[in-house]
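Open the model in a viewer and keep the selection panel at hand. The stops below follow one another, each with something to select.

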Amino acid sequence: MTPLITCFGEILWDVLPTSKQAGGAPMNVAVHLRNFGLNAQLISRVGNDELGHELLEFVAQKGLPLDRIQTGQSHLTGVAKANISDCNEVTYKIVQPVAWDYIQLEPGLLKTVQQSAFFIYGSLAARSPQTHETLLALLAVAPRKVFDVNLRAPHYEPATVLELLQQADIAKLNEHELSEITGWFGGPTDAKSAMYGLRERFNLEKLCVTLGEKGAFLLDETGFVHQPGFPVEVEDTIGSGDAFLAAFLYKTLQGETAQTTLEFACATGAYVATQRGATPPVSEEILVKNAFWKELI
């Protein structure tokens, strides 16, 4: 049977100058895991409003189950106002408080997470006391924890990020986040040394650092690996890192080598950057067809 993978955290609308797109890193990762045929689900919360109903409809169309997405009566569905003036570095103004700030520890969630091959979470969902509390309860029972760091100023405190890193088995962050986090405790400034220091400090199984168009680094029990980026014409980078993480976990579950896993993840992220929106269809077949991936594994 396909292993269960659970994503936890924000689900929202990215409001662009002329349109809106369904988003939130946990939802994007879950959708891309589904694209690769994995049994992914999302724990989140929307409001009982028009935007919430539209989000649930979108999620259902993407093949994600709805039974772990809560509907609240007291808070509106999440919204993030996206600034896409730089297509390579999208920035967001994330509204607070919203429904996903109040994710409850509903019956059955602990058992669901206990049965998951991966439990994926980020720092943004920990900005509010209620969702932070629920997250910590689920982390306490998760067998294999994946921290998708995703720092979004001003919605994090260093102490909370370090607490969440301490919980992780696998961590994924970008080069700017690596530099910032390492700086909190006076670690080395070059990326490779910083990664070795971070992995040792937090006893991480795998540490992955994305470098945008320059590719990514991976440090695990087999050593240090670098995968150069795939040169592409960027449509937008929204969801690229989320697709990267989904592809990385997909190949990790298949037991692929570190180099193959990182190459496939970079290929997936690059392909999604050539498409409009965060969750375009993607599969091994699509990557091969578009010359992003050399062969079907």
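Are Tyr271 and Phe292 buried or exposed? Tyr271 is buried, and so is Phe292, where buried means under 20% relative accessible area, exposed over 50% and partly exposed in between, with a 1.4 Å probe and protein chains only.

Before going on, note that this is a predicted model, in which local features need pLDDT of at least 70 and side-chain atom pairs count only at pLDDT 80 or more, while totals for chains, interfaces and linings use all residues. Residues are numbered from 1 along each chain as its sequence is written, and side-chain values use heavy atoms, with hydrogens and water left out.

**Aromatic pairs**

Keep Tyr271 and Phe292 selected: they form an edge-to-face aromatic pair, 5.5 Å centre to centre with 80° between the planes. Rings of Phe, Tyr and Trp (its six-membered ring) pair if their centres lie within 6.5 Å; planes under 30 degrees apart count as stacked, over 60 as edge-to-face and the rest as tilted. Tyr271 lies in helix α9 (residues 258-273) and Phe292 in the segment after α10, so the pair ties together parts that are 21 residues apart in sequence. Helices (H or I, at least four residues) and strands (E, at least two) are DSSP runs, numbered from the N terminus.

The count comes to 14 aromatic pairs. Phe230 counts as partly exposed at 21% relative accessibility, whereas Phe292 is buried at 12%.

Next, select Phe8, Phe119, Tyr121 and Phe147, which form one aromatic cluster.

**Charges over rings**

Select Lys251 and Phe264: the charged end of Lys251 sits over the ring, 4.8 Å from its centre. Lys294 lies over the face of Trp293, at 4.1 Å from the ring centre. The rule asks for NZ of Lys or CZ of Arg within 6 Å of the ring centre and within 35 degrees of the ring normal.

**The nonpolar core**

Select Ile11, Met27, Leu33, Ile120 and Leu249, the residues with the most contacts inside the largest nonpolar core, which has 50 residues. Such a core is a set of buried Ala, Val, Leu, Ile, Met, Phe, Trp, Tyr and Cys residues joined through side-chain atoms within 4.5 Å. Helix α9 gives the most to this core, with 9 residues.

**Backbone**

Which peptide bond is cis, with omega near -5°? The bond from Gln96 to Pro97; Pro97 is in the loop between β7 (91-94) and α3 (109-114). The bond from Ala153 to Pro154 is also cis, with omega near 0°, and Pro154 is in the loop between β9 (145-148) and α5 (158-167).

Stay in that loop for Asn150, which has a positive phi of about 50° although it is not a glycine. Asn150 is buried, with a relative accessible area of 15%. Then go to Ala291, in the segment after α10, where phi is near 65°. Ala291 counts as exposed at 65% relative accessibility. Most residues other than glycine have a negative phi, and most peptide bonds are trans.
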